[in-house]
Amino acid sequence: MIYLFNDPAQFADELAEGYAAAHRDKIRRVDGGVIRRHKAKPGQVVVIIGGGSGHYPAFGGFVGQGLAHGAALGNVFAAPSAQQICNVAHAVDAGGGILFCYANYAGDVLNFTQAQERLRARGIDVRSVVVTDDIASAPLHEHYKRRGIAGTLAVFKAAAVAADAGKPLDEAVRIATAVNDRVRSLGVAFFGCTLPGAAKPLFEVAPGIMEVGMGIHGEPGLDRIKAPSADELAEMLVGKLLAEIPVTVNNVSGARVGVILNGLGAVKYEELFVVYRKIEQLLTARGLTIVAPVVDEMITSFDMAGVSLTLFWLNDELEQSWLAAADTPAFHRGVIVYDNFAMNHDAEPKESRDNHLIKPGSAQSQGAATIVLAALKAALEAIEAQQDELGRLDAIAGDGDHGIGMQRGLTAAVEAVGTAIAAQAGAGAALIAAGDAWSDRAGGTSGMLWGVILRNLGNAVGDESKPDTAMIATGVATALQAVIDLGKAQLNDKTLVDVLHPFSIALMKSTTQGLSMAEAWTAAAEIAGQSAEATKNLIPKIGRARPHADKSIGNPDPGAVSMALIIDAVGKIIGKHCFFDARSQDLTE
Ligand code: ADP
Ligand code: MG
């Protein structure tokens, strides 16, 4: 149970504020996360980590000398937005390229990938290494699907050591990848966790039972067994990790390993030490040499009761990085020499906000921007009317935040378009501002995807000519492709793609038939509504809902339903504000 909080919606922000205030000597807060207090050397690589809040010391606790240069911090258990990641990146960029290192969760992959694309478009060399150490989350032949847990520490540390040694980006990527290939973890849980302000636990484990392999957000594990003694647990963890030794380790006997025994929140240090005692005996008996073990909390989930064990199979090069000094609020090793010339990040970092200056659009396009605003307002109204129902649908198999997330995203989008219009934005710039604001503020997978959809529409529409039916149909088609590229959802996976795909095809078809914008949109909107309803019968194969697939049958997908609602609301605005000019087929107020 979490006892101390104010407004649960402010919890992540308030904890970041307090954390930064408590460690002013080592870190500072920037828009989107925290960065090292001391600047990186000009021309060197910087390492940016990140993830949801609520796992301290992961991830903000690992920012400082010898470890990450910056961390993007999302909401509680929600990935940081691409905008937050870009902001942190701009704040620490030293000109030598950026390495993103993060644990493998769908929301984090989507947002870091999006941020990587945006930064690359600005000429910054960005690469990513995704940590996949949790052996319970997928079989070895699908190791790239595995989640990241406490092994992240080893990967972050090696990446940062390489970066601070002045190695080029390729080298830092090679080393971080080599660590990921040699780090294996397994976790167990005795009890779930309750998020700040929640009335009941996010997930539960039956009393007297231990879930083997349960994830840090309650993802289902491999096995459910009677809770063991400390020694029996040590035997089980060591046994399973030694059953999967990386192929690059030639001789187990004589091998050197870094060890992390991580407490998930409610397991006390004393209990960890009792378990570690046996782990050490077992590893030593197998002929392994333990190097610089960590018995501590490294990645937690509030009051979740559980532990994870990580083995990091060292070689000479990786042992150096494992042993290198570090001095962050949550992780200390050896002695860091702060050289006298290290400059403080005192002033607000330049470009801390990732804002684009708006160039005035043509008069025609500015007119269309006001229709964009009206359409978003109508969409917001439609979502607010169904907000509770969307939350209920998401809670059946997901986390229940879809209604609130959509409301937050659309509210931010409406506000951003208002500001953009005041700066004489055309329709394209207005849509792009809406998309940025939406994905920045909504959080969640759908927030990120809606940001992508609006940005693609904005790019297709541009700021010069009046948007016409063909431009919009093309924008919807490119948006669909971008959503599929990023989210990897196929048709019938029970996501918003099951609405966007038929909508896009219908819109394109009407365009070729020469229908007016209002007619084309109305016809396609009807298909969107039917498609959303039809998701009732589908089984989710992707996203948070996947592990609880059976519960979702009979209920439509929340993201599909909200998309159909928005399409319908926008159609009414198009019908009201726009008439069809048969010769130019364009949108006119
Ligand atoms: P989260 O799942 O992060 O809590 P939301 O609750 O806001 O995000 O949104 C859930 C919706 O997002 C789902 O109903 C589904 O329509 C959509 N979604 C989830 N994953 C994907 C994906 N990979 N591709 C497309 N849509 C997805
Ligand atoms: Mg959700």
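Author: Two strands are said to pair if DSSP finds at least two bridges between them. The model discussed here is predicted.

Reader: In strand 8, which residue is the bridge partner of Val-188?

Author: Strand 7 covers residues 183-191, and strand 8 covers residues 209-212. The two strands run antiparallel and are joined by two bridges. In strand 8, the residue bridged to Val-188 is Val-212.

Reader: Over how many bridges do strand 7 and strand 12 pair?

Author: Strand 12 comprises residues 305-313, and its pairing with strand 7 is antiparallel. Within strand 12, Ala-305 stands opposite Phe-191. The number of bridges between strand 7 and strand 12 is eight.

Reader: Is Arg-184 buried or exposed?

Author: Arg-184 belongs to strand 7, a strand in which seven of nine residues are buried. A residue counts as buried when its relative accessible area is under 20%. The relative accessibility of Arg-184 is 10%, so this residue is buried.

Reader: With the side chain of which residue does the side chain of Arg-184 make a polar contact?

Author: The residues that Arg-184 touches include Asp-133, Arg-146, Leu-241, Glu-244 and Leu-309. The side chain of Arg-184 also reaches a backbone atom, the oxygen of Asp-181, at 3.0 Å. The side-chain to side-chain polar contact, at 2.5 Å, is with Glu-244.

Reader: How far apart are the end C-alpha atoms of helix 14, and why does this agree with its number of residues?

Author: Helix 14 runs over residues 469-487, which makes 19 residues. The expected span is 1.5 Å times one less than the number of residues. For helix 14 that rule gives 27 Å, and the distance between its end C-alpha atoms agrees because it is also 27 Å.

Reader: Which residue caps the N-terminal end of helix 14?

Author: A side-chain oxygen of the capping residue lies 3.2 Å from the backbone nitrogen of Ala-470. The residue that supplies this oxygen is Asp-468.

Reader: What covers the buried residues of helix 14?

Author: The buried residues of helix 14 include Met-471, Ile-472, Val-476, Leu-480, Val-483 and Leu-486. Among the elements that cover the buried residues of this helix are helix 3 (106-121), helix 13 (444-461), helix 15 (497-512) and helix 16 (517-534).

Reader: Which element contributes the largest share of the largest nonpolar core?

Author: The largest nonpolar core has 69 residues, and those with the most contacts inside it are Leu-376, Trp-438, Leu-507, Trp-521 and Ile-566. The largest share of this core, 13 residues, comes from helix 9 (residues 363-385).

Reader: Which residues do ring pairs link into a cluster?

Author: The cluster is made of phenylalanine rings joined by ring pairs. Its members are Phe-11, Phe-77 and Phe-302.

Reader: What is omega for the cis peptide bond that joins Ala-58 and Phe-59?

Author: Most peptide bonds are trans. In the loop between strand 3 (46-53) and strand 4 (70-76) lies Pro-57, and the bond from Tyr-56 to Pro-57 is cis, with omega near 10°. Phe-59 lies in the loop between strand 3 and strand 4 as well. For the cis bond between Ala-58 and Phe-59, omega is about 5°.

How values were computed. Residues are numbered from 1 along each chain as its sequence is written. Chains are lettered from A and ligands numbered from 1 in the order in which they are written. This is a predicted model: local features need pLDDT of at least 70, side-chain atom pairs count only at pLDDT 80 or more; totals for chains, interfaces and linings use all residues. Side-chain values use heavy atoms; hydrogens and water are left out. Buried means under 20% relative accessible area, exposed over 50%, partly exposed in between (1.4 Å probe, protein chains only). Helices (H or I, at least four residues) and strands (E, at least two) are DSSP runs, numbered from the N terminus. Contact means heavy atoms within 4.5 Å. A polar contact is a pair of N or O atoms within 3.5 Å; within protein, one must be able to donate a hydrogen and the other to accept it, and residues adjacent in sequence count only if both atoms are side-chain atoms. A nonpolar core is a set of buried Ala, Val, Leu, Ile, Met, Phe, Trp, Tyr and Cys residues joined through side-chain atoms within 4.5 Å. Rings of Phe, Tyr and Trp (its six-membered ring) pair if their centres lie within 6.5 Å; planes under 30 degrees apart count as stacked, over 60 as edge-to-face and the rest as tilted. Lists of a residue's contacts leave out its neighbours within four places in sequence.
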